[in-house]
Amino acid sequence: MILPIVGYGDPVLRKVGEAITPDYPNLKETIANMYETMYNAYGVGLAAPQVGMPIRLFVIDTTPFSDDDDLPSEEQKDLKGFKKTFINAKIVKEEGEEWSFNEGCLSIPDVREDVYRKPTVTIEYCEEDFVMKTEVFDGLIARVIQHEYDHIEGVLFTDKISSLKKRLIQKKLKNITEGKTFQEYRMKFAAAKKGR
């Protein structure tokens, strides 16, 4: 089932997600719905807060990036078919020299900005089997993980840009909060909740 994506300004996007247990209600269905919602919106990642659930869960599938001919062929191969569910994730370490990449977010439509992040990330997480593992990722896979991880920490990519750039996009962010944006995918907005 395709879920509405929560727009910028909704308080759920600022909450630190709660850890979940294997008996979390309808977990398999929730994960399946999140993948379906992400694919419907042509995204490469989606975190539970973006669909209104303040829990430590996010899904990614970097396959769309594998078509980018500007990337080395080895990275294209790594990106193709990289689909993973992250539950109760915790970033242990971020390493390397920060690099810039133009990021966007399904909760912040029509806003894209260059964001600096470290290229290598070590993360502890479980998949649906709830067996904790620690893995190291780098490149665009690491970046997508870091972006989605920020969501379960109540952080948005717009928090990572300069104050000047924030001022330049202020009107766009206000419009999103008020629901004055149109997307090909379903969204719900903070202003609609307040009865405006």
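Predicted model: local features only at pLDDT ≥ 70, side-chain atom pairs only at ≥ 80, totals over all residues.
**Cut-offs at work**

Tutor: Asp110 counts as exposed, at 54% relative accessibility.

Student: What is the phi of Asp110?

Tutor: Positive, about 65°, although Asp110 is not a glycine. Most residues other than glycine have a negative phi. Asp110 sits in strand 6. Strands are DSSP runs of E with at least two residues, helices are runs of H or I with at least four, and both are numbered from the N terminus.

Student: Which loop holds Tyr42?

Tutor: The one between helix 1 (27–40) and strand 2. Tyr42 is not a glycine either, and its positive phi is about 60°. At 74% relative accessibility, Tyr42 counts as exposed.

Student: Why is the contact between Arg56 and Glu153 called a salt bridge?

Tutor: The term needs a side-chain nitrogen of Lys or Arg within 4 Å of a carboxyl oxygen of Asp or Glu. Here the N to O distance is 2.6 Å, so the pair qualifies. Arg56 lies in the loop between strand 2 (45–47) and strand 3 (57–61), and Glu153 in the loop between helix 3 (139–152) and helix 4 (163–177), so the pair ties together parts 97 residues apart in sequence.

Student: Are Arg56 and Glu153 buried or partly exposed?

Tutor: One of each. Arg56 has a relative accessible area of 10%, so it is buried. Glu153 has 28%, so it is partly exposed.

Student: What makes Lys165 and Glu113 a salt bridge?

Tutor: Their N to O distance is 3.9 Å, so it falls within the 4 Å cut-off. Lys165 is in helix 4 and Glu113 in strand 6 (residues 108–117), 52 residues apart. Glu113 is buried at 14%. Lys165 is partly exposed at 31%.

Student: How many salt bridges does this rule give?

Tutor: The count comes to 13. Among them is Glu127 with Lys133, at 2.6 Å, N to O. Salt bridges that share partners also join Glu103, Arg117, Arg143, Asp150 and Lys160 into one network.

Student: How do you know that strand 7 and strand 8 pair?

Tutor: Two strands pair if DSSP finds at least two bridges between them. Strand 7 (residues 120–126) and strand 8 (residues 133–138) have six, so they pair, in the antiparallel sense. Val121 stands opposite Phe137 in strand 8. Six bridges also join strand 7 to strand 4 (residues 83–95), again antiparallel.

Student: Why is strand 7 called mostly covered?

Tutor: Six of its seven residues are buried.

Student: Which residue does UniProt list for "active site"?

Tutor: Glu148, according to an unreviewed UniProt entry. UniProt positions are given in the numbering used here, feature names are shortened, and annotations may be inferred rather than shown by experiment.

Student: What makes Glu148 buried?

Tutor: Its relative accessible area is 4%, so it falls under the 20% cut-off. Glu148 is in helix 3. Leaving aside neighbours within four places in sequence, its contacts (heavy atoms within 4.5 Å) include Gly45, Gln50 and Phe58.

Note on methods. Residues numbered from 1 in each chain as written. Heavy atoms only, no water. Buried < 20%, exposed > 50% of the residue type's maximum accessible area, 1.4 Å probe, protein only.
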